[in-house]
Amino acid sequence: MTATVPKRTLVTMINALSSGVVPRRGLEYIAVGRKKETETFVNDLEDTDQGGGAFRFISGRFGNGKSFMTQMIRNYAMDRGFVVMDADLAINRRLTGSKKEGLNTYKELVKNMAYKARPDGGAMEPILQGWILDTKERLQKENGSEPSREDIEKAMRAQMSDLSSLQNYQDFMRVVISYMNDFLDGKDDITAVRWFKGELDIKRDSRKELGTNLLIDDGNWYDMTKIWTGIVRRIGYKGMIVFIDEGVVLYKLQNKVSRSNNYERLLTMFNDIMQGKTQHLSVYVCGTPEFIEDPNRGLYSYEALRSRLVAGRYENGFDNYLGPIINLKPLTNEEIFVLLKTIKNLHEQRYEYDSGITDEMLERYLRTVMSSVVSSTMITPREITRDLISLLDTMHQNRELSFLDLIEGRAIKVDENPDDEIIEDLEV
């Protein structure tokens with residue numbers, strides 16, 4: 001029996017699933033399969049907490065569960081004390097480019113910075129404010145009096161002293177202290193916020209108001225992400241988990257030089273994390289199999305990446321959930337049936353009704369769907385879930401309709417005269 005889901009979460013889930021997108025909340029209620037993959041991610045989080053990190057590519061075709069998998073581990077990470085960032089790549093959001101495409105990705109990551117109390121993003125300022133207020137309160141307890149701004153600054157710098165070797169750390173901290181002063185002064189329009197978000201683009205303004213010539217740009221945004229990681233770790237979080245989806249955008253770049261530049265940036269990040277040069281940071285990049293394996297345009301076309309990602313000679317086609325690439329296979333028919341049954345129960349909860357649909361009916365529905373395609377791999381969880389919700393919506397609003405008639409391509413059409421009912425074939 002499906003667990004009772006909070007109303008707000010339930011509405012969000014049904015709305016998202018009916019639109020073919022992954023809901024931000026409630027994924028634990030519809031998760032099926034993926035046991036080995038999930039174990040890998042859980043182990044990664046434990047390693048990240050202990051000072052390590054992971055860099056993995058999550059491969060799967062469209063609608064096969066990449067976004068679902070990353071969203072689920074995102075929620076799991078926040079529940080266990082991590083800060084997360086996520087961004088979908090797009091034509092104007094890449095890892096690097098000539099028109100600030102890398103900076104745009106950073107902006108999206110910072111906008112979507114989240115933790116357990118702020119699961120929907122917008123967590124950057126609350127994190128900074130919590131750090132400042134906690135430092136102030138701690139000093140007040142220790143000294144028995146209101147601390148000065150200089151005392152707060154000194155304590156905050158001391159807390160981060162072991163990050164001083166990171167690139168651009170000193171400039172970053174100048175902006176932190178500027179933010180601290182403006183925040184404690186109660187200012188509304190704080191220049192430092194625009195700097196942290198990558199929105200400040202004039203060096204003169206940065207030098208005048210923040211005391212630094214440095215601006216966040218395509219060349220240093222990953223360095224800034226590492227500094228954010230170090231800060232959140234030292235103020236009480238377990239680390240930073242970064243999700244980058246739609247890697248296929250890089251694969252589709254027509255210009256070979258642009259693709260190579262982005263793959264080079266991926267390689268730099270991969271080496272940095274896997275060689276242990278950064279701590280408490282894990283990165284997951286999602287894309288289609290072509291994005292990774294295509295020898296002409298994919299990651300495998302970039303030899304330095306191919307040599308790191310290609311399967312070992314002894315894998316012989318067996319699944320490897322510990323390597324740099326996690327291949328998400330289609331759900332089994334049994335797993336899809338469990339998913340459909342769960343969706344049906346959630347729909348009934350959402351609209352507080354009894355659909356009358358039995359397990360046998362759902363099995364018939366699944367067989368009908370599977371028989372309509374050449375290969376079961378052509379049907380994705382996204383499609384089959386969205387179609388079932390559409391079917392349930394139709395039945396709920398037209399209670400005279402028959403579930404079996406609908407799935408067999410027939411429906412009762414009611415004429416203006418209620419006594420004249422005819423059955424007609426639906427277009428396939």
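**View 1. Helix H4 lies across strands E2 and E3.** Helix H4 covers residues 101-111 and runs at about 135° to E2. Helices (H or I, at least four residues) and strands (E, at least two) are DSSP runs, numbered from the N terminus. Angles run from 0 to 180 degrees between N-to-C directions, with axes taken as lines fitted to C-alpha atoms, for helices over the stretch in contact; contact means heavy atoms within 4.5 Å. This is a predicted model, in which local features need pLDDT of at least 70 and side-chain atom pairs count only at pLDDT 80 or more, while totals for chains, interfaces and linings use all residues. Residues are numbered from 1 along each chain as its sequence is written, and side-chain values use heavy atoms, with hydrogens and water left out.

**View 2. Five strands form an open sheet with parallel pairing.** The strand order is E2-E3-E4-E1-E5. Strand E2 (83-88) and strand E5 (325-327) stand at the edges with a single partner strand each, so one side of each has no neighbour in the sheet. Neighbouring strands are turned by 20° against each other on average, direction ignored. Two strands pair if DSSP finds at least two bridges between them; E2 and strand E3 (residues 240-245) run parallel and are joined by 6 bridges. The bridge partner of Asp88 is Asp245 in E3.

**View 3. Helix H12 lies across strands E1, E3 and E4.** H12 spans residues 256-274 and runs at about 125° to E1 (55-59).

**View 4. Phe57 belongs to the largest nonpolar core.** A nonpolar core is a set of buried Ala, Val, Leu, Ile, Met, Phe, Trp, Tyr and Cys residues joined through side-chain atoms within 4.5 Å. This core has 75 residues, and Phe57, Trp195, Phe196, Trp228, Leu266 and Phe291 touch the most other members. Helix H7 (residues 169-184) gives the most to the core, with 8 residues. Leaving aside neighbours within four places in sequence, Phe57 is in contact with residues including Leu266, Phe270, Val285 and Phe291.

**View 5. Helix H16 has a buried side and an exposed face.** Buried means under 20% relative accessible area, exposed over 50%, partly exposed in between (1.4 Å probe, protein chains only). In H16 (residues 359-371), Leu362, Tyr365, Leu366, Val369 and Met370 are buried. Seen down the helix axis, these buried residues fall within an arc of 130° (directions from the axis to the C-beta atoms), so they line one face of H16. They pack against helices H15 (333-351), H17 (381-397) and H18 (403-407). The face turned away from the buried side carries the exposed residues Glu360, Arg367 and Ser371.

Conventions. The expected span of a helix is 1.5 Å times one less than its number of residues.
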